[in-house]
Amino acid sequence: MSEKRRIILHIDMDHFFTAVEEREHPEYRGRPVVVGADPKQGKGRGVVSTSNYEARKAGIRSGMPISRAWKLCPEAVYLPPNFSLYIEVSLEIMDIVRKYADKFEQWGIDEAFLDVTTRVKDYAEAEAIAKQIKQEILEKERLTCSIGVGPNKLVAKVASDYQKPDGLTVVKENEAERFLAPLPVRKLLWVGRKTEEKLKALGINTIGDLARYDPSVLSEKFGVIGTQMHLMARGIDRSEVEQRTGAKSISHETTFEKDTDNAEAVLKALDALAEDVSKEALSQSFFFKTVTVKVRYENFETHTRSKTLQFMTNRTQDLQKTARELLQPYLRSERKVRLIGVRVSSLIKGEKQKTLV
Ligand code: TTP
Ligand code: MG
């Protein structure tokens with residue numbers, strides 16, 4: 001069977017929400033940290049969104065009732081989710097990652113698939129790209145991720161989960177089946193708890209058990225899913241990395257050569273960024289409604305502030321005025337500014353315009 005050879009990367013940020021919180025609050029580092037509902041001294045309702053690896057040692061997991069987490073580890077730092085910050089960081093990460101690939105597909109808030117087939121000649125080069133991505137995310141975001149490299153999305157995804165945190169696992173095409181075989185079946189995409197139970201009843205515990213099982217019995221018991229699971233167990237997955245067209249947002253940012261407390265210089269840089277963003281919007285015939293500015297101080301603490309305008313626009317002056325308004329309160333800080341950014345979102349495609357108004 002001559003299927004075209006592909007090389008796919010899957011990137012998954014490590015304990016994403018809590019990692020962002022630790023970055024913003026270094027005093028939490030080394031302690032168990034949980035992001036989720038308010039535990040209210042063990043009486044809280046709601047669940048854990050995520051926890052860092054220290055808290056996981058105590059048995060805390062995503063989706064667990066927060067009251068149970070509290071019982072397992074009352075001394076952890078409990079924080080409410082700050083979604084707008086996580087989304088902003090996610091957008092930044094995706095901007096970094098996207099440029100390494102021919103085809104890019106975001107998957108959830110902290111994961112992405114990259115098809116790098118035409119950019120590399122072999123797995124060694126793909127591994128080098130993965131290292132470069134890890135390095136760039138660490139330098140620019142001070143966050144770690146885990147990357148899997150494989151012949152398809154399925155193997156890449158299982159590989160990224162294989163050595164977490166800060167992992168890099170490369171599985172070549174001819175190693176895929178052997179790599180998967182000892183792992184529990186639930187590691188396969190789409191095998192949920194219920195299917196896992198049914199498979200167990202048939203004596204299928206590992207992916208290898210599934211690969212060896214008679215496919216006709218599987219299709220009898222599970223229908224199309226049965227056939228699909230059998231292929232996946234053998235490391236076969238033909239699904240494409242689905243490049244999505246059309247940006248959901250446009251952003252530019254600047255890191256100052258030296259951290260600065262010169263408000264005038266910061267505002268001048270902000271005007272320039274706003275001009276770049278509005279020109280890019282215009283060139284793509286986009287109008288926007290929501291403006292977000294970002295500021296990162298010398299200690300890496302990051303803030304974002306947004307405003308949704310009453311009207312759609314792509315005028316430079318509108319963007320500059322709104323961005324200045326949004327940034328003002330952050331210029332009163334005693335800390336020096338390391339980076340600023342401007343983003344526009346709620347985009348709609350308009351008629352092509354010939355001139356910048
Ligand atoms: P995951 O990538 O599943 O988890 P994670 O990044 O926290 O940890 P890991 O190192 O194992 O990858 O999910 C990404 C984020 O999505 C996570 O930080 C919080 C959020 N999330 C929830 O809010 N609820 C959930 O049940 C899960 C699984 C994730
Ligand atoms: Mg993750």
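Which residues in H10 meet which residues in H11? Before selecting them, note that this is a predicted model, in which local features need pLDDT of at least 70, side-chain atom pairs count only at pLDDT 80 or more, and totals for chains, interfaces and linings use all residues. Residues are numbered from 1 along each chain as its sequence is written, and side-chain values use heavy atoms, without hydrogens and water.

**Stop one: a helix pair.** Select helix H10 (residues 215-222) and helix H11 (residues 224-233); helices (H or I, at least four residues) and strands (E, at least two) are DSSP runs, numbered from the N terminus. On the H10 side, Pro-215, Leu-218, Ser-219 and Phe-222 meet Val-224, Ile-225, Gly-226, Thr-227, Met-229 and His-230 of H11, contact being heavy atoms within 4.5 Å. By class, this contact has six nonpolar, four polar and no charged residues. Ala, Val, Leu, Ile, Met, Phe, Trp, Tyr, Cys and Pro count as nonpolar, Asp, Glu, Lys and Arg as charged, and the others, Gly among them, as polar.

Most residues other than glycine have a negative phi, and most peptide bonds are trans. Now select His-15, where phi is positive, about 25°, in the loop between strand E1 (8-13) and helix H1 (16-24). Next comes Phe-300, with a positive phi of about 80°, in the loop between strand E10 (286-297) and strand E11 (302-313).

**Last stop.** Go to the peptide bond from Lys-164 to Pro-165, which is cis, with omega near -5°. Pro-165 sits in the loop between helix H6 (153-160) and strand E8 (168-170).

Technical notes
Chains are lettered from A and ligands numbered from 1 in the order in which they are written. Axes are lines fitted to C-alpha atoms, for helices over the stretch in contact, and angles run from 0 to 180 degrees between N-to-C directions.
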